[in-house]
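I opened the model and went through it one item at a time. My entries follow in the order I looked things up.

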Amino acid sequence: METVKLSRIVEKLAPELHSFLTTHELDLKIVLRDGFSVLEPADAMEIVQQSICEYQKLTLLH
């Protein structure tokens, strides 16, 4: 297991997504079961999608 910030995943595997994410989202800690070295770009996209969904659950709408 390895814990990394979402920003590291995005920077290495999906840099085109960086401008679409907030600072808070990029700072989220992600636990990787098999470690960073085995991630593929498709994995990065899935992690980003799930992270956004989880973060938005905590957001209050006015």
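**Entry 1: Glu25**

I began with Glu25, which, leaving aside its neighbours within four places in sequence, is in contact with Leu6, Phe20, Ile52 and Tyr55. Contact here means heavy atoms within 4.5 Å. Glu25 lies in helix α2. I count helices (H or I, at least four residues) and strands (E, at least two) as DSSP runs, numbered from the N terminus. Is Glu25 buried or exposed? Glu25 counts as buried because its relative accessible area is 6%. The classes are buried under 20% relative accessible area, exposed over 50%, and partly exposed in between (1.4 Å probe, protein chains only).

**Entry 2: ground rules**

I noted that this is a predicted model, where local features need pLDDT of at least 70, side-chain atom pairs count only at pLDDT 80 or more, and totals for chains, interfaces and linings use all residues. Residues are numbered from 1 along each chain as its sequence is written, and side-chain values use heavy atoms, with hydrogens and water left out.

**Entry 3: Leu28**

Next I looked up Leu28, in the loop between α2 and β2. Leu28 is partly exposed, because its relative accessible area is 22%. I skipped residues up to four places away in sequence and found that Leu28 touches Val4, Lys5, Leu6, Ser51 and Tyr55. Leu28 and Leu13 are 15 residues apart along the chain, and 16 Å separates their C-alpha atoms.

**Entry 4: His18**

His18 sits in the loop between α1 (6–13) and α2 (23–26). I put His18 down as partly exposed, because its relative accessibility is 37%. Not counting residues up to four places away in sequence, His18 touches Val10 and Leu26. From His18 to Val38 I read 20 residues in sequence and 21 Å in space, C-alpha to C-alpha.

**Entry 5: Ala42**

Ala42 belongs to helix α3. Ala42 counts as exposed because its relative accessibility is 58%. Ala42 and Leu13 are 29 residues apart in sequence and 8.6 Å apart in space, C-alpha to C-alpha.

**Entry 6: the largest pocket**

How much space lies in the largest pocket? I noted about 240 Å³. A pocket is an open set of points on a 1 Å grid over the protein atoms alone, where a 1.4 Å probe fits, with protein on both sides within 12 Å along at least five of seven lines; lining residues have an atom within 4 Å of a point. Volume is the space filled by probe spheres set on the points. Among the lining residues are Ile30, Arg33, Asp34, Val38 and Ser51. β2 (29–32) and α3 (41–57) each supply at least two lining residues. α3 gives the most, with 4 residues.

**Entry 7: rings**

I found 0 aromatic pairs, taking a pair as rings of Phe, Tyr and Trp (its six-membered ring) with centres within 6.5 Å. Arg8 does lie over the face of Phe36, at 4.0 Å from the ring centre. The rule asks for NZ of Lys or CZ of Arg within 6 Å of the ring centre and within 35 degrees of the ring normal.

Methods: Phe/Tyr/Trp six-rings, centres within 6.5 Å; stacked < 30°, edge-to-face > 60°.
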